[in-house]
Amino acid sequence: MKKFTFAAASAVAIVASGAAFAEPQAEVLHWWTSGGEAKSVAVLQEEFAANGGTWTDMPVAGGGGDAAMTALRARVLSGNAPTAVQLKGPAIQEWYEEGVLADISAVAEAENWANLLPASIAAHMQCEGSWCAAPVNVHRVDWIWANADILEANGIEMPTTWDEFNAAAEKLQAAGITPLAHGGQAWQDATVFETVVLGVGGPEFFHKALVELDQDALTSDTMVAVFDQMRTMRGYVDDNFSGRDWNLATAMVMNGEAAFQIMGDWAKGEFMAAGKVPGEDFLCASTPGDGYLYNVDSFAMFDVDGDDKVAGQALLAELIMGPNFQEVFNLNKGSIPARTDVDLAAFDVCAHTSAEDMSGTSERGSLLPSYAHGMALRGAQSGAITDVVTAHFNSDMSSADAVQMLADAVANSM
Amino acid sequence: MSEWLERHVPKVVLAPSFVAILFFVYGFIAWTAWVSLTRSRLMPKYDIEGFIQYERLFAAPRWDTAMNNLFIFGTLFIVISMILGLLLAILLDQKIRTEGVIRTIYLYPMALSMIVTGTAWKWILNPGLGIEAMVRGWGYEDFKFDWLVNSDLAIYTVVIAGVWQSSGFVMALFLAGLRSVDGEIIKAAQVDGIPTWRIYSAIIIPSMAPIFLSAFIVLSHLAIKSFDLVIALTGGGPGYATDLPATYMYAMAFSRGDIGQAASSAMIMMAVVFAIVVPYLYSELRAAKND
Amino acid sequence: MAPILDIKNLKKNYGSTEILKDINVSIEPGDFLVLVGPSGCGKSTLLNCIAGLEPITGGSISIAGQDMTEVSPKDRNIAMVFQSYALYPTMSVAKNITFGMKVRGVDQATQDKKLQEVAAQLQIEQLLNRRPGQLSGGQRQRVAMGRALVRDPALFLFDEPLSNLDAKLRVEMRTEIKKLHQNLNASMVYVTHDQIEAMTLATKIVVMKGGVIQQIGSPAEIYNRPANLFVADFMGSPAMNLIPAKTRANGGATEIVIDRPAAEPLVLKDTQNANLPADVILGLRPEDIAEAGYRSGDNVQTADCMVEMVEPAGADTYVVSHLGGKQVTARLHAETTATPGAALPMAFDLSKVSYFAPETGARLN
Amino acid sequence: MTDMTVTNARSGGLSKIALRWILYILLGIFALYYLMPLFVMLTTSLKSLDEIRTGSLVALPRDVTFDAWRTAWSGACTGIQCEGLQPYFWNSVLIAVPAVMISTLLGAMNGYVVAQWRFKGANIIFSLMLFGCFIPFQVVLLPMATTLGKLGLAGTIPGLIFVHVVYGLGFTTLFFRNYYVTIPQELVKAAKVDGAGFFRIFWSIFLPLSLPIIVVTVIWQFTQIWNDFLFGVSFSQAGTQPITVALNNIVNSTTGVKEYNVDMAAAIIAALPTLLVYVVAGKYFIRGLTAGSVKG
């Protein structure tokens, strides 16, 4: 810890000498606007201000960042790019290829980011060998949340295989409880789908199918089995799931109307906001199967003119990866820090599980990017897959047809 | 010089607007046409690659659904809004004492942004929360109204909300039309002992043909541009069952970084608009010539 | 005296359509020129060209000795009264009348003075503060006139100003305009499709058809000696009888032979006109056919005619009979004893006769 | 038109009363249809978040609280600032008011030219402008962004005003053209003879005549511009974002805690100016339409 502080201080020194006397400026485009999120980002702003910087806030929420991306394109085309932008996954590389990203390697190398981040996450932050983005957090996507009372009342353990899950669901259904709370929105369907791919096919299959887009994997029997499981799970969802917001699904679990929900760890925030205690009122576990699907939020720096803004970028990058911000932000957000050396004492049980699993899976090579949250694939491809997944889930399409459609859609999106 | 200016002042006045429209509408359409022939992804690129984007577009089942939906939604939205608008206008035209209040009630949805109203509609139409639950709560346990969650019927809920938003405006158009019909004709008809409904169907409504045309144009413009409505109400779901060309295009351009694809879908949309608007313009111009 | 309005070789095209073809008209100060013709004949377009409201394709227009061909309406020293009156709806009557002066920067005192004068002249003093929407048709008409009068222009232009009034009011206003013309001794150009208006008002009439002037002349000339079949038919009510006939020379006179159904052809002898072609169309106004004994003169011929219809019209009685394959109307005295189905001796006053060539329609005598 | 009830009166007292009842019941049913979403929004905005989480969404509030309204106006987070809609409200006013005024004035001038000063090609120009109404706005975002950048208007309020004016021109011109086309051309002729020029005729004669259609156009444009999100989000930057972007930021959070009561209150607040315009000017709206704009 001490050592780190020293490094940070020297980085600031480097940055400061590089952009002498310019007061750091940053206009930050992000889509964290709801109460908890906003408070989390505010921490960053305060630190930024404490270091003499001026933070200009440019929030654009909506559609999981779609609206922000619309605004970003317009800003870049008009030659008026924001200083820093909330970007994630392959989109970072896509923007890099457009030649509009700034290089923050100076800060990253001074701060030794390469050793502080799990390798697969660090890869997302690099563009052709240089650092171009700073990670904020790690959301785990493959969580299954449960109402503790319901499980106890029905004598059910948290499932560790999909078969166990199915058995539990049958039991619950017989008891008149909706087994799975789900919101029928495309991205939620995709979230469930990728956890099933991971659980049924295993990490290697997940990587082949949803990262490499290997046609053999996409058309394999395993993929048919995945769609079969999706069909089974469609039976565990209540009739009115369509279009439901995820948080209303979470509320169903809280209120005892449903037993399980498969959702990333932001769902924890909803439970906490309602005063529920993890491990007592509600339970968290990874979805069946080995592996860890991460959704890493990060900030990319755009090429801008002006020493003040360049200084702002360096300072921002450094603060984002700073241990204090990583801790405070993630405590608020429900996620865990991206850097692995942050003290987790203040975090809850679920976060601990998440952190342990992250380092474990990182070693085993099963720390994988979430396709549903734009970490694994470029927009066109992940969108094409989601189209098929949601079409299958919301109709009586056969698994074989779905697999065929999936292969076609992926080919057509190239 | 001043003579010249005097003679050409109308053209000079119109020129800036015309140039603006030429550039910002037609220039941009040309730009879109160009981009639709490229492989633009995240940002526009300008190397022409042929009709690859159109081939991809027509190969995408989601685009089929979007066009089908536009047809279903467009037809129903326009027809129902017109019928409802006309009906409400006729009802309101019967010397209603509270007309001001009722008219405002019918008209206000136009003033609301769909961003949030969509959520309210989502709840109302959701079987577990809204109308179905309410009616079941009254004891009619078999009552079913689950269009929102049914892939085949969800597009009709979009129609319901769309009609809700726009029919008030159509009502206003028709009400204005009814009020501008020559009162003498109606008096004459009443003296002849023609029943009220016949007066409407045979005399008043046929005389409002231009209003039907205006309403049609406004409604088709809304139908083609419908975007917020779908995003807020169904998000295009279940699945992509309620996708419309406008939402398809937006998704391609801005969430999927597939600008070439978005441009090609925009061009097809524009062709549809063209097919609707050009006959209208033609009739407008012909009418102008007859003056 | 120099002509107050002189139009030379005026042409007007809309695209490739010729609206006015080679128009030549000129009037003296104090003239009341009426442009008359069926709708679409170009008379209103001509008026608009005179006003400068429509650009012309060729030729020239001069007003009060000045070439006005390229001059804008406001500088032509004209005033105009429109068919729809074109009163400015949001302005009071007073403002309507003074608007032109205000635009031209006439001082307030002069404006007020002129306004009072004109208002008194037209008896609209009590209307000055009203809006056009609160006025009756006749009152609007007066305001429109007032707006023109207050200009005191070299030339007044009227575009069918009476066509929106009811019959009684139209006659009243017609008289009023005539009186105005006489009192002011102003020069006026007046467009109408109503030939009675033309006859009663004009000192000079231009009959137009298809963009071409058919005849220019005094009302009497137009009425008595129409230049062609069109003018003959258009001017006068009931219209001139136009009867196909054959001619043959008989000494110094000409015999006119007219077929009639179920009877011997009617033969009339014209002692004043000779050298007519074999086929002619004979034009005779209804008042030039009388009951025998009621008309005498050098060139009056009498013949029995079968009466088909009798239409009493108060002061006169119209009698219709069949001649040369046409219905022929005669204007008889009110007390005539003519009865349908019976023969009646009738007098044809050939001193007033017009002959037209059947092919060209041109006047022959 | 106004005497329709006279006939009903003649056809007998009892059936007349019955008919009136049916009429009012029908009108009432439709009013319910139109009011339903507003009811849901209002009741939700008056509930506490706990009540929403546990209770039915479509029900009357058990305890009425105005906290959500207060939060929406001045406390909700729209980013790291949690000042509610308040600061954005003025941005919207600064955008909408000039944009409505300019586009209305230009539309009036254009409509005046197209309807009353026809010259060769004027109709074609008008049709081209009208077609501009139909262009999907998503299409123009990217080229417009480039253009605004070149003009130096990127991210500024004048830039947003400019965009709204350009894409409002088609409709405003259409409205005024259709209105002015019903005014006899002789009015212009008379004024020309009176010595008035193009602008004088416009200011002294046509503009005073145009109140009804101005009301229609202003209502239409104000609604469109105030409720615009797409342009607002694309062509603004920090400090110039309009209220719809703020509303969207409050409402549309993907992974945050959802406060429906605040969302609904915010939505109603954001819509208040347009609602006010409708209530106040609704009567003139109908009158304006009656006065000619619909006589295509």
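Colleague: What percentage of the 291 residues in chain B is buried?

Modeller: Idea before number: a residue counts as buried if 20 or more other C-beta atoms lie within 10 Å of its own, as exposed if 12 or fewer do, and as partly exposed in between, with C-beta atoms placed from the backbone. In chain B, buried residues make up 52% of the 291 residues. In chain D, 58% of the 296 residues count as buried.

Colleague: And what are we looking at here?

Modeller: This is a predicted model, where local features need pLDDT of at least 70 and side-chain atom pairs count only at pLDDT 80 or more, while totals for chains, interfaces and linings use all residues. Residues are numbered from 1 along each chain as its sequence is written, and chains are lettered from A and ligands numbered from 1 in the order in which they are written.

Colleague: How many helices and strands are there in chain B?

Modeller: Elements are DSSP runs numbered from the N terminus: helices are H or I over at least four residues, strands are E over at least two. Chain B has 13 helices and 0 strands. Its C-alpha atoms fill a box of roughly 80 × 70 × 30 Å along the principal axes. Chain D has 14 helices and 0 strands.

Colleague: Why is α7(B) described as largely enclosed by the rest of the structure?

Modeller: Because 23 of its 26 residues are buried.

Colleague: How do I read contacts along the sequence?

Modeller: Two residues are in contact if their C-beta atoms, placed from the backbone, lie within 7 Å. Take the contacts in chain B with a separation of 6 or more: 67% of these are between residues 24 or more positions apart. For chain D, 76% of the contacts between residues at least 6 apart in sequence join residues at least 24 apart.

Colleague: Which pair of chains shares the most contacts?

Modeller: Chains B and D, out of 5 pairs of chains in contact. That contact takes 73 residues from chain D and 81 residues from chain B. On the chain D side, several helices supply at least two residues each, including α2 (13-45), α5 (86-116) and α14 (260-293). The largest share, 15 residues, comes from α14(D).

Colleague: How should I treat database annotations?

Modeller: UniProt positions follow the numbering used here, feature names are shortened, and annotations may be inferred rather than shown by experiment. An unreviewed UniProt entry places "transmembrane region" at several stretches of chain D, among them 197-222 and 264-286. Residues 197-222 of chain D are 92% helix and 0% strand, with end C-alpha atoms 31 Å apart. Residues 264-286 of chain D are 100% helix and 0% strand, with end C-alpha atoms 29 Å apart.

Colleague: Which domains does the assignment of chain C give?

Modeller: Domain bounds come from an automatic or database assignment, and for chain C that gives domain 1 (5-234) and domain 2 (241-356). Their centres, taken over C-alpha atoms, are 39 Å apart. The contact between them takes 7 residues from domain 1 and 6 residues from domain 2 of chain C. Helix α8 (residues 229-234) of chain C gives the most to the domain 1 side, with 3 residues. UniProt, in an unreviewed entry, lists residues 5-235 of chain C as "domain: ABC transporter". Over residues 5-235, chain C is 37% helix and 26% strand.
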